[in-house]
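Visitor: Please take me through one part of this model closely. I would like to look at the interface between the two chains, and at what sits behind it.

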Protein chains: 2
Amino acid sequence: MSIYNAPLKDMEFILNDVFKADEFWQGNENLAHLDMATANAILEEMAKFSKNVILDLNRTSDEEGGVHFNHGEVTTPKGFKDAFKQFAEGGWVGLGAPEEWGGQGMPKMLTVLADEMIWSTNPSFMLYPLLTVGAGIAINDLASQEQKQTYLPKFYTGEWSGTMCLTEPHAGTDLGMIKTKAEPNEDGSYSITGTKIFITSGEHDLCENIIHLVLAKTPNAPAGSRGISMFIVSKFLVNAYGSIGERNAVAAGSVEHKMGIKGSATCVMNFDGARGYLVGNENEGLAAMFVMMNYERLSMGIQGIGAAEFAYQNAAEYATNRLQGRSASGTKSPEKPADSILVHGDVRRMLLNARANNEASRAFAVYVGQQLDITKYSTDTEAVRKANDRVALLTPIAKAYLTDKALDTCLEAQMVFGGHGYIREWGMEQCIRDLRISQIYEGTNGVQAQDLIGRKTIRCGGAYIAEYIAEIREFAQDMDDALSIKATVLDVSKQVEEITQFILEQAKQSPDFSNAVAVDYLHAVGLLSFVYMYARISQAAQAKDESFFQHKLILAQYYASKVLPDLAARLQRIQAGADLMMQLPEEYFTTQS
Amino acid sequence: MSIYNAPLKDMEFILNDVFKADEFWQGNENLAHLDMATANAILEEMAKFSKNVILDLNRTSDEEGGVHFNHGEVTTPKGFKDAFKQFAEGGWVGLGAPEEWGGQGMPKMLTVLADEMIWSTNPSFMLYPLLTVGAGIAINDLASQEQKQTYLPKFYTGEWSGTMCLTEPHAGTDLGMIKTKAEPNEDGSYSITGTKIFITSGEHDLCENIIHLVLAKTPNAPAGSRGISMFIVSKFLVNAYGSIGERNAVAAGSVEHKMGIKGSATCVMNFDGARGYLVGNENEGLAAMFVMMNYERLSMGIQGIGAAEFAYQNAAEYATNRLQGRSASGTKSPEKPADSILVHGDVRRMLLNARANNEASRAFAVYVGQQLDITKYSTDTEAVRKANDRVALLTPIAKAYLTDKALDTCLEAQMVFGGHGYIREWGMEQCIRDLRISQIYEGTNGVQAQDLIGRKTIRCGGAYIAEYIAEIREFAQDMDDALSIKATVLDVSKQVEEITQFILEQAKQSPDFSNAVAVDYLHAVGLLSFVYMYARISQAAQAKDESFFQHKLILAQYYASKVLPDLAARLQRIQAGADLMMQLPEEYFTTQS
């Protein structure tokens with residue numbers, strides 16, 4: 001019953017007009033093989049796959065109850081196996097992976113858009129290749145040449161898949177507390193023993209082998225997070241020449257029953273002296289895992305856009321067809337028994353909030369993608385340094401702010417349906433259940449906010465945000481004064497600059513301050529980022545007469561007048577500080593004291 | 001795995017200290033039989049019932065998949081039948097109903113607190129007696145003496161239950177479009193034919209008969225909402241002397257599969273020439289139904305408090321026991337492997353937001369309950385007139401603002417659990433799924449906002465809100481200047497007064513304006529109401545030394561500095577008006593134009 005049409009025109013506008021992708025690609029010898037025509041062709045193919053192959057499986061897999069667990073074996077929902085085969089054969093697993101290992105070598109600013117379509121149409125399905133891609137990045141960055149040769153080509157054909165095994169029952173955010181052990185064997189391998197939970201794609205039937213990247217502690221490792229190493233533990237051992245050997249001592253103990261993404265297998269994984277191989281150096285596992293985590297974190301933001309776009313499209317379609325009541329400014333459809341609910345300002349408010357956040361989110365993802373592409377492909381060391389700092393600053397925004405806005409959007413889209421939004425057959429309630437995890441996994445959005453305010457702001461004395469604001473100012477100053485968004489983005493830049501200064505000062509005086517105001521700061525920087533995106537969108541749309549472009553200018557004004565006001569609330573909360581919160585004793589919270 | 005302990009101490013504080021219940025009850029001859037000791041005893045009994053009888057059934061009924069439908073018969077989840085028997089035998093169905101018909105005659109300011117406990121522990125269960133109580137109110141207000149005698153006593157023993165049958169597939173908010181027909185028979189009864197959807201408790205196995213209140217149109221009735229009449233249609237016809245006769249031509253065609261409240265039977269009801277009896281006068285059915293709807297709307301607010309209290313308690317318990325990381329201001333539990341996550345400001349932020357909104361919500365529900373009690377029991381006509389206006393103004397706030405804040409709270413409480421909050425066994429995700437309907441049914445929260453800004457504000461030229469603000473000012477002016485909330489509530493009163501004036505002016509110029517800003521206005525009035533509650537709470541707590549009271553003062557300050565800032569955003573959005581929203585053409589929403 002759900003509809004989905006990939007927003008190809010908007011995607012092309014963002015790539016071509018806003019971020020001048022052709023110019024960027026042609027100006028970089030590593031990307032010069034790509035142009036907008038090729039990019040559009042790739043996006044059109046993915047639009048077909050997502051709409052024709054996986055969209056319907058999204059509902060049916062949820063109705064089926066998701067994955068099935070039976071004595072350590074996981075069966076994916078009906079249709080997933082065939083769809084994954086098509087996906088792998090289409091070369092989609094390795095779309096952004098190095099050509100050297102069988103990937104397609106496409107830049108991030110393009111793959112984020114392809115990924116968005118899969119997230120829109122079937123988030124559970126998306127999680128299978130996603131973890132493989134993440135594991136591939138970690139292996140490519142850190143593993144030995146032999147390990148790369150063994151695993152990477154199998155990943156990108158879709159024959160094997162990957163996982164990341166971090167969390168244990170008592171250790172989530174605080175990975176320094178993990179207990180999984182890695183005992184060295186005489187042949188250079190390790191015996192891995194322990195239990196990991198919440199392992200996405202830990203066991204399934206889509207691939208012939210599963211490659212786990214496992215965090216564990218070697219004997220005598222330093223305490224805490226400095227004593228964590230990363231190991232490859234494969235479901236089936238791999239023989240010389242890469243053929244599959246005997247079963248390793250790792251198995252799924254159960255699958256979790258979850259709020260959503262039921263088609264994704266979330267496993268408890270038991271390692272019982274499983275043979276593992278060190279990746280990189282001992283005790284450097286956490287840093288290694290963060291390479292993968294950062295990639296996933298951006299992906300969670302794309303999950304948000306995907307869900308929010310799906311929710312918007314379905315709500316707009318419903319609103320257009322639902323006839324109820326009459327317009328306050330005079331009947332609009334006298335030939336019908338009632339006007340469509342689109343005549344009501346409140347319905348438009350919900351749909352425009354959705355669209356305003358979605359279009360900014362998409363532009364922002366492409367912007368961060370472009371920064372990642374600079375870090376990967378540029379030969380200009382200063383440009384790479386800057387882009388690395390920008391990515392460090394904006395990864396928590398991409399993960400947390402985009403998913404927070406996406407939940408708002410999906411909830412409002414469900415509300416457009418009234419009671420029908422609460423009924424399973426319309427797909428809106430599943431959309432919310434599936435999306436909700438994006439705010440929680442890969443570091444909760446609260447943890448992202450700590451990362452932004454602590455590591456990315458206070459630790460560098462605000463250098464990253466200062467450089468970001470300088471870029472925004474430079475862009476805005478070149479804009480035509482006739483665009484009202486110009487004054488807005490300059491004003492917001494100043495407010496965020498000032499609140500950052502306030503935070504840097506307060507953090508010196510109160511160690512608890514930054515944690516308490518982190519989420520509000522993340523939203524303030526998110527709002528700045530989105531208004532910056534609307535400055536860039538407006539600049540690109542300004543000179544063109546077509547309604548498509550002129551509507552972008554209206555949406556930018558809508559954003560500034562109707563969404564941006566949240567900034568005032570965020571700033572006030574930051575100014576209120578942490579004292580009231582910290583003075584209450586612990587027992588206050590669990591008693592009526 | 002979920003915990004629940006009724007917040008009896010807070011409830012007593014609100015009744016006794018904040019709203020001086022004893023004084024109020026003793027001062028009213030119709031309520032003079034009640035005192036705080038009796039009230040506390042009732043609440044303690046309900047605390048036991050909710051914790052010991054229905055809490056566990058909440059999880060199990062959801063896991064069971066909710067109600068079962070088989071050829072028109074609905075079986076409620078395991079344990080519901082026995083629990084309902086206990087509930088009915090305890091006299092709980094008629095707790096607030098007239099003693100004349102077998103009820104207990106308890107005032108609303110007490111029953112809202114008892115209801116909250118059921119909503120906390122088993123919202124699906126609550127919906128069975130709730131609809132009966134609502135139907136009872138409509139019958140008591142509008143039906144003939146004979147009809148009252150026939151139905152009301154059976155309701156309050158729990159032998160029979162009630163429903164309200166309004167919505168049809170094409171007619172939800174716009175009830176003027178309903179098609180269900182009522183053809184008069186020669187014996188004075190009517191033949192009812194049509195299909196109703198989303199009928200809560202439309203069919204179930206808890207009671208021996210089900211009494212449907214059905215909206216339908218008689219032949220030649222005026223078009224639209226002025227041509228709607230209300231009928232009693234019972235599942236089994238009722239013989240003289242009240243015994244049960246043959247089956248009527250009404251049956252459940254199916255049950256809906258929903259996001260949550262799966263233990264509640266949401267039915268499609270088919271009326272196939274069913275025998276019905278007019279309630280009140282022809283063509284006055286919609287007004288009649290609103291008597292019942294208004295009652296339900298306040299109940300939805302209580303549903304919000306119940307869910308939010310449950311979510312808070314579980315999140316606070318989890319946070320206390322979850323050890324992860326160390327406090328930024330120095331280790332708090334050196335004997336443990338890590339500090340509890342309560343040391344982190346962000347976790348406290350989520351819990352204090354929850355608690356600040358919950359305690360204000362509860363006080364507000366009691367306040368509105370007291371106003372309802374004045375309308376019902378007072379003999380002072382001016383007091384009754386004022387209370388009626390106050391209830392009219394605040395019903396949409398109680399329904400929509402309380403449930404909006406409750407969803408925020410439940411989402412943040414789930415977030416406190418990290419990944420565990422997403423797993424079904426912890427109960428947090430069910431809490432969200434169950435709560436979500438409260439924002440949608442009985443008129444969506446958007447429709448509530450239209451009611452507030454249109455019927456309750458613009459139509460009376462702002463008279464209701466002006467009188468409310470006058471009451472708030474009068475209260476605040478008597479407060480001790482040392483309480484900082486005094487200045488806050490006066491300031492907020494002024495801001496809401498000014499924005500109301502702005503709205504009244506704009507509404508004259510732009511017919512689309514009020515609909516577009518309604519939700520923001522509802523939130524502004526909600527914030528005013530909660531800061532008023534904190535003024536009253538602070539006033540009651542000020543003179544007392546116990547930490548229980550002193551912590552109320554801190555929570556009031558927390559509310560003013562950390563929650564109230566949302567007001568700035570709401571006012572800015574209202575000032576931005578509707579023009580940008582309304583100028584976009586309809587096709588903009590469903591195309592990339």
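Guide: What follows starts at the interface and then moves into the chains.

This is a predicted model, in which local features need pLDDT of at least 70, side-chain atom pairs count only at pLDDT 80 or more, and totals for chains, interfaces and linings use all residues. Residues are numbered from 1 along each chain as its sequence is written, chains are lettered from A and ligands numbered from 1 in the order in which they are written, and side-chain values use heavy atoms, without hydrogens and water.

Start with the contact itself. On chain B, 104 residues are in contact with 104 residues of chain A. Contact means heavy atoms within 4.5 Å. The area buried between the two chains is about 9,000 Å². Buried area is the accessible area (1.4 Å probe) that two parts lose on being put together, summed over both. Carbon and sulfur atoms give 60% of the area buried here. Tyr422(B), Phe589(B) and Gln592(B) supply 10% of what chain B buries against chain A, more than any other three residues.

Now the polar side. Between chain B and chain A there are zero salt bridges. A salt bridge is a side-chain nitrogen of Lys or Arg within 4 Å of a carboxyl oxygen of Asp or Glu. Polar contacts do cross: 52 residue pairs, both at pLDDT 80 or more. A polar contact is a pair of N or O atoms within 3.5 Å; within protein, one must be able to donate a hydrogen and the other to accept it, and residues adjacent in sequence count only if both atoms are side-chain atoms.

Helix α16 (residues 547–563) of chain B gives the most to the side of chain B that touches chain A, with 10 residues. Helices (H or I, at least four residues) and strands (E, at least two) are DSSP runs, numbered from the N terminus. By class, that side of chain B has 48 nonpolar, 33 polar and 23 charged residues. Ala, Val, Leu, Ile, Met, Phe, Trp, Tyr, Cys and Pro count as nonpolar, Asp, Glu, Lys and Arg as charged, and the others, Gly among them, as polar.

Next, the symmetry. A rotation of 180° with 0.0 Å of shift along its axis superposes chain B on chain A, at RMSD 0.0 Å. The two copies are thus related as by a two-fold rotation axis. The superposition is by least squares on the C-alpha atoms of residues with pLDDT of at least 70 in both copies. Of the interface residues of chain B, 100% are also interface residues in chain A, so the copies meet through the same surface.

Follow α17 (residues 566–576) of chain B. Eight of its 11 residues are buried. Buried means under 20% relative accessible area, exposed over 50%, partly exposed in between (1.4 Å probe, protein chains only). Among the buried residues of α17(B) are Arg570(B), Leu571(B) and Arg573(B). The buried residues pack against α16 and α17 of chain A, together with α14 (484–509), α15 (513–541) and α16 of chain B. Gly577(B) follows α17(B), with a positive phi near 70°.

Asp10(B) and Lys552(B) meet in a salt bridge, at 2.3 Å from N to O. Asp10(B) is in helix α1 (residues 8–18) of chain B and Lys552(B) in α16, 542 residues apart. Asp10(B) is buried, at 3% relative accessible area. Lys552(B) is buried too, at 4%.

In chain A, salt bridges that share partners join Asp10(A), Glu116(A), Glu309(A), Arg355(A), Glu359(A), Arg362(A) and Lys552(A) into one network. One link is Glu116(A) with Arg362(A), the closest N and O atoms being 2.8 Å apart. Glu116(A) lies in helix α5 (residues 108–121) and Arg362(A) in helix α9 (residues 345–377) of chain A, so the pair ties together parts that are 246 residues apart in sequence. Glu116(A) is buried, with a relative accessible area of 1%. Arg362(A) counts as buried at 2%. Over all chains, the count comes to 72 salt bridges.
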